[in-house]
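Please keep the sequence and the three-dimensional view at hand while reading.

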Amino acid sequence: MGIRHWQEAAMNGDVASRHFLGVAEYNQGNCELAVQHLMISAKMGDELSLNCIKEMFMGGLATKEQYTEALMGYRDAVEEMKSPQREDAKRLKF
């Protein structure tokens, strides 16, 4: 039942749910599907997903191309989220 809720939330753009689906698939031994979920969430700016893909790459479960794609997608997402207002909020610890 929980997986179904994560799937629905992920389809609606929830990054954390997409990450958790990737972790669940990994734990079930479905590495290809895990990488697909984690790639999507990494490209949405989720650092945990990027780190999971990195670990999978280091363990031989993801390709160098997949890791590179995730890294570039993560970088682009983080760049898109930057703004002077966000930087001010970080500085003021909001």
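In this predicted model, Glu-69 and Lys-43 form a salt bridge in which the closest N and O atoms are 2.3 Å apart. Because Glu-69 lies in helix α5 and Lys-43 in helix α3, the pair ties together parts that are 26 residues apart in sequence. Both partners have intermediate accessibility: Glu-69 is partly exposed, with a relative accessible area of 38%, and Lys-43 is likewise partly exposed, at 35% relative accessibility.

How many salt bridges does a search of the whole structure find? The search finds two, and besides the pair already described there is a salt bridge between Arg-75 and Asp-76, whose closest N and O atoms are 3.1 Å apart. Arg-75 is partly exposed, with a relative accessible area of 46%, and Asp-76 is also partly exposed, with a value of 38%. The two pairs are set out below.

| Salt bridge | Closest N and O atoms |
|---|---|
| Glu-69 and Lys-43 | 2.3 Å |
| Arg-75 and Asp-76 | 3.1 Å |

Side chains of opposite charge can pair when their charged atoms come close. Arg-18, which is found in helix α2 (residues 15-27), is a charged residue without such a partner: Arg-18 is buried yet has no salt bridge, and the nearest side chain of opposite charge, that of Asp-14, is 8.8 Å away. What the side chain of Arg-18 does reach is the backbone oxygen of Ala-10, at 3.5 Å. When residues up to four places away in sequence are not counted, Arg-18 touches Ala-10, Met-11, His-37, Ile-40 and Ser-41.

Turning to the nonpolar packing, the largest nonpolar core has 13 residues, and those with the most contacts inside this core are Val-35, Met-39, Ala-42, Leu-50, Ile-53, Met-56 and Ala-70. Helices α3 (31-43), α4 (47-58) and α5 (64-81) each supply at least two residues of the core, and the largest share, six residues, comes from α3. Leu-50, one of the residues with the most contacts inside the core, is in contact with Ala-42, Tyr-67, Ala-70, Leu-71 and Tyr-74, leaving aside its neighbours within four places in sequence. Helices α3 and α5, which both supply residues to this core, are also the helices that hold Lys-43 and Glu-69 respectively.

Note on methods
Residues numbered from 1 in each chain as written. Predicted model: local features only at pLDDT ≥ 70, side-chain atom pairs only at ≥ 80, totals over all residues. Heavy atoms only, no water. Helix = DSSP H or I, 4+ residues; strand = E, 2+ residues; numbered from the N terminus. Buried < 20%, exposed > 50% of the residue type's maximum accessible area, 1.4 Å probe, protein only. Lys, Arg positive; Asp, Glu negative; His and termini not counted. Salt bridge = Lys/Arg side-chain N within 4 Å of Asp/Glu carboxyl O. Polar contact = N/O pair within 3.5 Å; in protein donor to acceptor, adjacent residues only side chain to side chain. Contact = heavy atoms within 4.5 Å. Core = buried A, V, L, I, M, F, W, Y, C linked by side-chain atoms within 4.5 Å.
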